[in-house]
Amino acid sequence: MNKQSAIRTPQSSIPDTHEMWAQSARQKKIAILGSTGSIGINTLEVIENLPFLSVSGLVAGKNVELLESQIYRFNPSKVAMMDEEKASELRKRLVNHPCKIWSGLSGIIEVATAPDVDLVVSAIVGAAGLIPTLEAIKAGKDIALANKETMVMAGEIVNELVKEIGVNILPVDSEHNAVFQILEGRQREDIEKIILTASGGPFRDRKGDFEGITPEEALAHPRWLMGPKISIDSATLMNKGLEVIEAHYLFHLPAKQISVVIHPESIVHSLVEFIDGSMMAQLGITDMRVPISYCLTYPERLLTSLPKLSLAEAGPLHFFSPDLGRFPALRLALEVVEKGGSWPAVLNAANEAAVDLFLKEKIAFTNIPFLIEQVLERHSPLSHPNLEEILAIDRWARAEAEKLRISDCRLRI
Ligand SMILES: NC(=O)c1ccc[n+]([C@@H]2O[C@H](COP(=O)([O-])OP(=O)(O)OC[C@H]3O[C@@H](n4cnc5c(N)ncnc54)[C@H](OP(=O)(O)O)[C@@H]3O)[C@@H](O)[C@H]2O)c1
């Protein structure tokens, strides 16, 4: 879509805000880490409709075709691919294009820390997002954080760095974005608790056991279209567990002030209860472009062309407690957030390994939490691990998961 026409078309009362932005705000330059994924693609769609945002850099893992088309469409001055071979292929395809192409972790860091970048969208999946996000913070970049694994693995380290460098962490996750919006301008002492909503995933109402669940069934989320890892995490409810840990570090709240409620309609994105008994909720359509827009335009709110929520059409909204017996992954995460220290990093790595094994059909769906629990039982905890220790723990937990899969006959499919 033509960017210039995109600002002029919205209804008459709002364009002033756009005009003010276009005139007063200097162009905000964005680097997207994970541009070929679900969050990356949604972010680019938002940027395409906001003329004062431009793409400075893009990072992908392996998807050359999609990255190439994004380069032609958004004209970044630098890109990086994690995969060295794919980066070489991209260089051959773009031989006459001025875009600078890097590869590997150092290349990703070049893109994330480039001097012209104002905001980094951290949307690589899994532990691979940690180092580039930390480097971007060190370079003074504001972060729109989708990669919850960064906070789960190294929440303390991130918080120390954010305080030292003075950058903003803007949560992309719809639940955290909801809480962030509700808490703006409020006192921490006024908070009784935050309540994260969960759709309950595809197996919320499944009768019988979970034994024979296939990757295809687990990937079919009823409400959100997401990448494979987070889709499986949503099916086990580990995603909500990771989000509780993320919220603990993002909002500086103890675990006992964070709770989870199942809300199948995914209309209420999360709530905050205050000490006087008032409860505030943030509602909206089920579309990640809404929280992404807020992060990209923060602290402003701008008109988007997205459909608006109709409460009458949404119908009745339901809320109930999660069943930790049927969803042991959530129970494990809730135990881990209480313990803190190195435990969340172990949980995260064991979960990534278990999800990968399930997607490759090497373990059953029910073995995902079982394998994670086995790895957690073998862990010797550290109370305040530094980055090197966290990375070592991450490697240990993955190797341990693989070892257990081979040696423990209960894990054979
Ligand atoms: N999807 C959602 O609605 C949603 C909502 C809230 C939070 N999140 C969080 O956002 C993050 C991304 O989720 P997603 O659903 O967008 O995942 P996704 O669709 O699987 O996309 C992952 C992105 O990361 C890239 N990538 C994977 N491994 C990489 C590596 N080692 N180095 C560099 N890039 C790598 C992929 O590149 P290639 O495809 O080119 O290999 C892709 O661009 C996750 O942490 C997730 O929990 C997602």
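Reader: How close do the axes of helix α16 and helix α17 come, and at what angle do they cross?

Author: This is a predicted model, in which local features need pLDDT of at least 70, side-chain atom pairs count only at pLDDT 80 or more, and totals for chains, interfaces and linings use all residues. Residues are numbered from 1 along each chain as its sequence is written. The axes of α16 (residues 343-359) and α17 (residues 367-377) come within 9 Å and cross at roughly 145°. Axes are lines fitted to C-alpha atoms, for helices over the stretch in contact, and angles run from 0 to 180 degrees between N-to-C directions. Helices (H or I, at least four residues) and strands (E, at least two) are DSSP runs, numbered from the N terminus.

Reader: What makes residues of α16 and α17 count as being in contact?

Author: Two residues are in contact if their C-beta atoms, placed from the backbone, lie within 7 Å. On the α16 side the contact includes V346, L347 and F358, and on the α17 side I368 and L376 are among the residues.

Reader: Which classes do the residues of this contact fall into?

Author: They divide into 11 nonpolar, 1 polar and no charged. Here Ala, Val, Leu, Ile, Met, Phe, Trp, Tyr, Cys and Pro count as nonpolar, Asp, Glu, Lys and Arg as charged, and the others, Gly among them, as polar.

Reader: Why are β9 and β11 called edge strands?

Author: Two strands pair if DSSP finds at least two bridges between them. The open sheet of 4 strands has the order β9-β8-β10-β11, with mixed pairing. β9 (258-262) and β11 (279-283) each pair on one side only, so they are the edge strands.

Reader: How do you know that β8 and β10 pair?

Author: β8 (residues 191-198) and β10 (residues 268-274) share 5 bridges, in the antiparallel sense. At least two are required, so they pair. I195 has L271 in β10 as its bridge partner.

Reader: What do β10 and β11 form together?

Author: They form a hairpin with 4 residues between them, and G277 in the turn has a positive phi of about 95°.

Reader: How many residues surround the ligand, and which are the closest?

Author: There are 30, and the closest are G37, G61, N63, M82 and G227. A residue is near a molecule or strand if its C-beta atom, placed from the backbone, lies within 6 Å of it. By class, this shell has 15 nonpolar, 10 polar and 5 charged residues.
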